[in-house]
Amino acid sequence: MVNQPLVIMEGIEKSFPGVHALNQCRLELRAGEVHALVGENGAGKSTMMKILTGVYRKDAGRIVYKGQEVDIPNTKAAQQIGIGMIHQELNLMPHLTVAQNIYIGREPRRKFRLLLNEKALEEKVRELFRTMNLDLDPRAKVSDLTVAKQQMVEIAKALSFRSEVLIMDEPTAALTTSEIEELFRMIEQLKASGVGVVYISHRMDELKRITDRITVMRDGCYIDTVNTAEVSVDRIISMMVGREIYHSVERTAIGDSAETVLEVRGLNRGKAVRDVGFHLKKGEILGFAGLMGAGRTEVARAIFGADRIDSGEILIRGKRVSIRSPYDAVKHGIGYLSEDRKRFGLLVDMDVQSNVAIASYGKFRRLGWMKRDAIESSAEQVVDALKVKTPNVSQKVKFLSGGNQQKVVIGKWLTKDSDILIFDEPTRGIDVGAKGEIYKLLEELAEQGKSIIMISSELPEILRMSHRVIVMCEGRITGQLTREEADQEKIMKFATSRTG
């Protein structure tokens with residue numbers, strides 16, 4: 001049902017103080033197509049979509065919607081003409097029901113509009129779900145739903161405004177494989193009904209599978225629009241970054257004679273971690289693979305002291321240590337980069353230098369006073385060494401891209417001089433260009449003698465980066481593979497095996 005354009009954005013310009021965010025950008029979305037919008041973080045994708053959804057006003061250019069030039073002054077105006085957006089961070093009220101979330105502020109009311117008409121509300125939502133072919137209870141509390149089901153509620157909410165344009169920002173970031181399939185089924189249904197979908201994602205395999213066309217942006221400029229079926233992933237990446245990202249790596253195996261810096265024996269914590277044991281060598285990148293819920297993050301949190309263990313031993317360089325809190329772990333030279341960097345790794349409202357120094361304030365203190373010059377100097381060294389893109393070390397972290405935020409977290413633990421670094425999903429939510437930089441950084445750290453545990457749900461990433469691979473399923477280690485033995489098929493076999 002792909003036909004005339006639903007949306008045409010032409011010559012779009014947008015500037016912020018000191019930044020020319022969009023320069024003569026364009027996008028065409030047709031009815032009944034899934035159109036990918038891709039580019040590195042900072043390429044201008046979000047700014048374009050915020051203009052289309054009324055969050056920002058454009059400085060120049062025009063927007064044509066269903067053949068008519070339109071002005072979109074605010075988000076309500078966008079909703080009213082049929083443009084909806086599903087944000088990466090879902091915007092639902094967990095204490096309310098599905099039906100209440102979908103029609104919040106628009107609920108049918110009883111006589112004199114004093115009381116809500118719950119029965120009419122639920123029937124409206126059931127009718128909406130019927131048109132979506134969605135099996136969901138309107139009376140269910142949102143807090144009881146999986147992330148995938150919550151996403152379906154967001155889609156239903158957008159469609160309740162009779163949206164003909166739906167923008168999805170990283171919709172699969174927190175979904176399992178089966179949940180992604182459910183989302184893709186819904187997207188195919190939307191296509192069939194004539195809805196135009198703008199799909200923003202860093203996952204190249206998804207783009208090839210679900211999208212019809214791809215528009216590439218770079219540095220606030222429009223690069224090209226291509227048919228998905230006619231373009232290779234390498235070509236997409238090349239257009240996005242204008243440079244080579246992935247270089248081939250010949251990784252030398254870590255010898256048996258290398259020092260064992262970390263050993264874990266018989267680690268247990270409820271059902272999440274069951275009799276886990278492994279070792280980590282100096283200069284090694286040890287990959288942890290497995291499906292969502294396998295227990296990988298729980299193992300990392302237990303080692304770091306974020307969660308109390310029921311039993312087991314942790315040895316640092318052959319000596320048994322007691323780690324009852326993150327403070328103990330840091331004292332023993334362990335740094336942990338959480339998969340949720342904004343929640344557990346950064347103080348986003350503080351500047352770069354404060355974040356870099358926060359784990360090492362002791363060495364910047366003299367006679368009770370903080371040595372501000374030393375903190376600034378140390379942060380500048382980190383920014384230079386890790387190539388953090390920031391105007392200066394006084395910039396607030398929340399204004400940096402995802403990849404640069406991740407580098408700040410790494411810089412925090414390098415400032416602390418941690419020898420053992422646990423990276424939990426180090427490239428989640430990061431564009432392909434920043435991924436390449438993070439990979440190179442991890443390789444350099446390993447070459448310097450740092451020891452790294454890398455948890456990742458992306459098998460190509462695990463295979464590319466690891467000296468060895470440990471696979472988990474339902475809290476247990478079910479397989480250990482050398483770099484030479486590891487391939488996607490073997491890893492998936494162990495990841496779905498209930499017995500190790």
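Over the face of which residue does R26 lie?

**View 1. R26 lies over the face of Y222.** The distance from the ring centre is 5.6 Å. A charge counts as over a ring if NZ of Lys or CZ of Arg is within 6 Å of the ring centre and within 35 degrees of the ring normal. The model is predicted: local features need pLDDT of at least 70 and side-chain atom pairs count only at pLDDT 80 or more, while totals for chains, interfaces and linings use all residues. Residues are numbered from 1 along each chain as its sequence is written, and side-chain values use heavy atoms, with hydrogens and water left out.

View 2. Helices (H or I, at least four residues) and strands (E, at least two) are DSSP runs numbered from the N terminus. L128 has a relative accessibility of 11% and therefore counts as buried; buried means under 20% relative accessible area, exposed over 50%, and partly exposed in between (1.4 Å probe, protein chains only). Leaving aside residues up to four places away in sequence, L128 touches I102, A156, L159 and S160, a contact being heavy atoms within 4.5 Å. The C-alpha atoms of L128 and S160 are 7.2 Å apart, although 32 residues separate the two along the chain.

View 3. E122 is buried at 18% relative accessibility, whereas R126 is partly exposed at 28%. The structure holds 26 salt bridges.

**View 4. D419 and K450 form a salt bridge between two loops.** Their closest N and O atoms are 3.6 Å apart. D419 lies in the loop between α14 and β19 (420-424) and K450 in the loop between α15 and β20 (451-455), so the pair ties together parts that are 31 residues apart in sequence. D419 is partly exposed at 29% relative accessibility, and K450 is buried at 9%. Elsewhere, salt bridges with shared partners join E28, R30, E33 and R213 into one network.

**View 5. F423 and the largest nonpolar core.** Such a core is a set of buried Ala, Val, Leu, Ile, Met, Phe, Trp, Tyr and Cys residues joined through side-chain atoms within 4.5 Å. The largest has 68 residues, and those with the most contacts inside it are L262, F278, I334 and F423. Helix α15 (residues 432-447) supplies the largest share of this core, six residues. Not counting residues up to four places away in sequence, the contacts of F423 include L337, I410, L442 and L445.

**View 6. Aromatic pairs of F278 with F288 and of F304 with W413.** Rings of Phe, Tyr and Trp (its six-membered ring) pair if their centres lie within 6.5 Å; planes under 30 degrees apart count as stacked, over 60 as edge-to-face and the rest as tilted. The whole structure has four aromatic pairs. F278 and F288 are edge-to-face, at 5.1 Å centre to centre and 75 degrees between the planes. F278 belongs to strand β12 (residues 273-281) and F288 to strand β13 (residues 285-290); both residues are buried. The ring centres of F304 and W413 are 6.0 Å apart with planes at 85 degrees, so this pair is also edge-to-face. F304, Y336 and W413 form one aromatic cluster.

Terms used: Salt bridge = Lys/Arg side-chain N within 4 Å of Asp/Glu carboxyl O.
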